[in-house]
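Reader: I would like to go through this model from the chain as a whole down to single backbone angles. Please take the questions one at a time.

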Amino acid sequence: MRIITLGTGAGRPTLKRGSSATGLEYQGDTFLFDCGEGTQIQLMKTPFHWGKLTAIFISHLHGDHVNGLPGLLGTLSLSDRKEALKVFGPVGIKKLLQAHRECQSLGLRFELEVQEIETGQTLLETEQYLVKTLPLDHVVPCWGYVFEEKPVPGRFDALKADQAGVPPGPLRGQLVLGQDVSLPDGREFYSKDFVGPSRPGRSFVHCLDTQPCEAAVELARGADLLLYEATFCESGGEPAHDWGHSTARDAAQVALAAGVGELVMTHISQRYGDPQVLLAEAQEIFPRVRVASDLDVFEIKRQE
Ligand SMILES: [Zn+2]
């Protein structure tokens with residue numbers, strides 16, 4: 001599982017930080033969380049297979065999170081995409097995209113499956129993963145997302161299988177999947193004898209824009225990587241919560257309360273040319289923290 005922060009600024013794109021967007025790659029599927037202005041240019045700078053996008057999740061309809069969407073959809077059409085594309089977002093996103101379609105600015109040649117979110121729910125589910133959402137606390141309706149890998153099979157003890165005479169090949173695959181195997185000669189092999197306990201899946205949480213709230217903690221509980229907004233720092237004196245935003249200290253407190261593996265702070269105000277002050281503030285509370293830059297890559301490895 002790999003995360004790429006495409007745009008890490010707040011409010012408006014600058015030469016240093018683009019508008020909000022984050023890519024996620026998982027076993028051949030690709031996802032986009034938010035799509036601020038310029039996202040498609042950022043995507044071109046990555047090895048991300050974005051022409052094959054599986055789904056796009058929009059947190060809220062402020063321009064710095066959604067203004068890149070029409071351009072990206074138009075380019076996907078020009079690239080001859082045929083597959084349907086799922087887009088999830090708050091109420092209003094259908095109207096926004098419909099207006100673009102009516103003005104024929106998208107030139108769409110593939111089906112757009114737009115789902116407006118009205119309540120916390122599971123949005124996508126496959127055998128391997130699910131994507132859930134909860135409402136955050138911003139000045140407009142805003143949704144946080146968790147991408148959660150389902151538990152994966154335990155480790156296969158190949159040495160033990162060799163010693164027991166389990167033939168190599170697909171039979172071993174069946175054992176890994178929890179299926180017991182009978183051979184034509186009458187021998188039987190039981191999955192539990194060769195496969196360890198299942199291992200927890202990995203998870204990624206996208207929380208922006210928001211002031212600290214219970215839903216953010218709930219969404220992030222136990223996550224491997226929490227991407228959380230830190231628009232300001234406490235010492236800056238801005239009324240972050242009045243504006244529906246968080247400080248670096250807030251981000252660290254949410255990460256601590258949720259017991260996440262790692263916190264990555266993003267949506268950084270342009271006033272912090274050097275984000276060291278944000279990092280120092282967060283580290284006092286939660287040491288496993290980084291500040292994202294545009295085009296940073298974060299691998300989420302499976303815990304062994
Ligand atoms: Zn924003």
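Reader: Where is Gln27 found?

Author: The model is predicted. Gln27 has a positive phi of about 45° although it is not a glycine. The place of Gln27 is the loop between β2 and β3.

Reader: Is Gln27 buried or exposed?

Author: The hairpin of β2 and β3 has two residues between the strands, and Gln27 takes its positive phi there. Exposed means a relative accessible area over 50%. Gln27 has 59%, so the residue counts as exposed.

Reader: What is the relative accessibility of Gln104, and where does Gln104 lie?

Author: Gln104 is not a glycine either, yet has a positive phi of about 60°. Gln104 lies in the loop between α4 (93-102) and β6 (112-117). Gln104 counts as exposed, and its relative accessibility is 69%.

Reader: How many residues of strand β2 are buried?

Author: Strand β2 covers residues 21-26. Ala21, Gly23 and Glu25 point one way from β2, while Thr22, Leu24 and Tyr26 point the other way, and all are buried. The count for β2 is therefore six of six, with buried meaning under 20% relative accessible area.

Reader: Which strands pair with β2, and in what sense?

Author: Strand β1 (residues 2-7) is joined to β2 over five bridges in the antiparallel sense, and Ile3 stands opposite Leu24. Glu25 has Thr30 of β3 as its bridge partner. Six bridges join β2 to β3 (residues 29-35), and these strands too run antiparallel. The partners of β2 include β1 and β3.

Reader: Which residues of β12 point the way opposite to Ser203, Val205 and Cys207?

Author: Strand β12 spans residues 203-207 and is mostly covered, with five of its five residues buried. Ser203, Val205 and Cys207 share one direction, and the residues pointing the other way are Phe204 and His206.

Reader: Which strand runs parallel to β12?

Author: Strand β9 (residues 143-149) pairs with β12 over four bridges, but in the antiparallel sense; there Phe147 has Phe204 as its bridge partner. On another pairing, Cys207 stands opposite Tyr228. That residue belongs to β13, and four bridges join β12 to this parallel strand, β13 (residues 225-229).

Reader: What is the handedness of the β-α-β unit made by β12, α8 and β13?

Author: The two strands of the unit, β12 and β13, run parallel. Helix α8 (residues 214-220) is the helix of the unit. The β-α-β unit is right-handed.

Reader: What is the omega of the peptide bond from Leu208 to Asp209?

Author: Asp209 lies in the loop between β12 and α8. The peptide bond from Leu208 to Asp209 is cis, with omega near -5°.

Reader: What covers the buried residues of α9?

Author: Helix α9 spans residues 248-258, and its buried residues include Ala248, Asp250, Val254 and Ala258. Just after α9, Gly259 takes a positive phi of about 65°. The cover of the buried residues includes α8, β13, β14 (262-266) and α10 (276-283).

Reader: What share of the chain's residues counts as buried?

Author: The chain has ten helices and 16 strands, and its C-alpha atoms fill a box of roughly 75 × 50 × 35 Å along the principal axes. Of the 304 residues, the buried share is 51%.

How values were computed. Residues are numbered from 1 along each chain as its sequence is written. This is a predicted model: local features need pLDDT of at least 70, side-chain atom pairs count only at pLDDT 80 or more; totals for chains, interfaces and linings use all residues. Side-chain values use heavy atoms; hydrogens and water are left out. Buried means under 20% relative accessible area, exposed over 50%, partly exposed in between (1.4 Å probe, protein chains only). Two strands pair if DSSP finds at least two bridges between them. A crossover is right-handed if, with the strands pointing away from the viewer, the path from the first strand over the helix to the second runs clockwise. Contact means heavy atoms within 4.5 Å.
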